[in-house]
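Hello,

Here is the structure I said I would pass on to you. Please open it first, and then read my notes below with the model beside you.

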Amino acid sequence: MSLNRFSTSSLHQQAIRPVGRAARGAPVRVHAGAALPAEYKTVTPLGQRVFVRVDSADATTVGGIMLPSSAQKAPTQGEVVAAFQDSNVKVGDRIVYSKYAGTEVAMDSQEHVLLKEEEVVGIMTSADVKALAPVADRILVEVSDVDAATSGGVLLTSGAQEKPTFGKVVAVGPGKKGENGEVTKPDVKIGTKVLYSKYSGIEFEDNDRKYIVIRENDILAELA
């Protein structure tokens, strides 16, 4: 299943869906927490928030970005329809964010979410996971494969395999803005092999490759 078959323009009609238990059963539905009365047509985010139109969870794709089975870590996606003035995320951007982040709102019979900018994981510049642009101090890592057999040749089940915690840096965010307004760029470089915290990050799958978006402070060491 190749993501490269889809352009950015077509991706906005595709929903990311969870991999694993939710993917094998019924589609995951996101129910908005509050429905705005019909007379309200504009939402202006405050407090470094962005307003996002959520993609339909019912729309399954042939080549959409695949997500992990962990419901707590599963991200979702949508299109930014409004943002605060100095936001690094712009109107029209296709973004990925943590599933349980933000405040859900129904507007014009469509699901939306109000997110803090820091809850945005990355910007989707195309349908390829490798083209996901991490935001702030986040890092996109291609996860290294784990050995599916013991030293004696016995095959391990997926549950018995050690969870990989190392991989190669694919993309680096522009940096995190401090209280003084200055942006501190991550020190890690693209192509670096890194060891990261076991339960950190947001995971993705693209065909048979796995990726994870982590924060810079989740990186424990560089490997060489």
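Helices (H or I, at least four residues) and strands (E, at least two) are DSSP runs, numbered from the N terminus.

Before going on, please keep in mind that this is a predicted model: local features need pLDDT of at least 70, side-chain atom pairs count only at pLDDT 80 or more, and totals for chains, interfaces and linings use all residues. Residues are numbered from 1 along each chain as its sequence is written, and side-chain values use heavy atoms, with hydrogens and water left out.

Back to Glu79, which also meets Arg94 in a salt bridge (4.0 Å, N to O). How buried or exposed are the partners? Buried means under 20% relative accessible area, exposed over 50%, and partly exposed in between (1.4 Å probe, protein chains only). Glu79 counts as partly exposed, at 24% relative accessibility, and Arg53 is partly exposed too, at 29%. Arg94 has a relative accessible area of 5%, which means that this residue is buried. Together, Arg53, Asp55, Glu79 and Arg94 are linked in a network of salt bridges.

The structure holds six salt bridges, and one more deserves a look: Arg215 pairs with Asp137, their closest N and O atoms being 2.7 Å apart. Because Arg215 lies in strand E17 (residues 209-215) and Asp137 in the loop between strand E10 (132-134) and strand E11 (138-143), the pair ties together parts that are 78 residues apart in sequence. Arg215 is partly exposed at 24%, whereas Asp137 is buried at 8%.

Now for the nonpolar cores. (A nonpolar core is a set of buried Ala, Val, Leu, Ile, Met, Phe, Trp, Tyr and Cys residues joined through side-chain atoms within 4.5 Å.) The largest one has 13 residues, and those with the most contacts inside it are Val50, Val52, Ile95, Tyr97, Leu115 and Val120. At least two residues of this core come from each of strand E3 (49-54), strand E6 (94-98), strand E8 (110-116) and strand E9 (120-124). E3 gives the largest share, three residues. Another core, of 12 residues, lies apart from it and includes Val121, Leu132, Leu140 and Val170.

As for the whole protein, there are two helices and 18 strands. Of its 224 residues, 40% count as buried. Contact means heavy atoms within 4.5 Å. Among contacts with a separation of 6 or more, 67% are between residues 24 or more positions apart.

Finally, a word on confidence. The average pLDDT (the predictor's confidence in each residue, from 0 to 100) is 76, and 68% of the residues score at least 70. Over residues 1-31 the pLDDT is below 50, and this stretch has 73 contacts in the model beyond near neighbours in sequence. Residues 67-74 also stay under 50, with 25 contacts beyond four places in sequence.

Best wishes

Note on methods: Salt bridge = Lys/Arg side-chain N within 4 Å of Asp/Glu carboxyl O.
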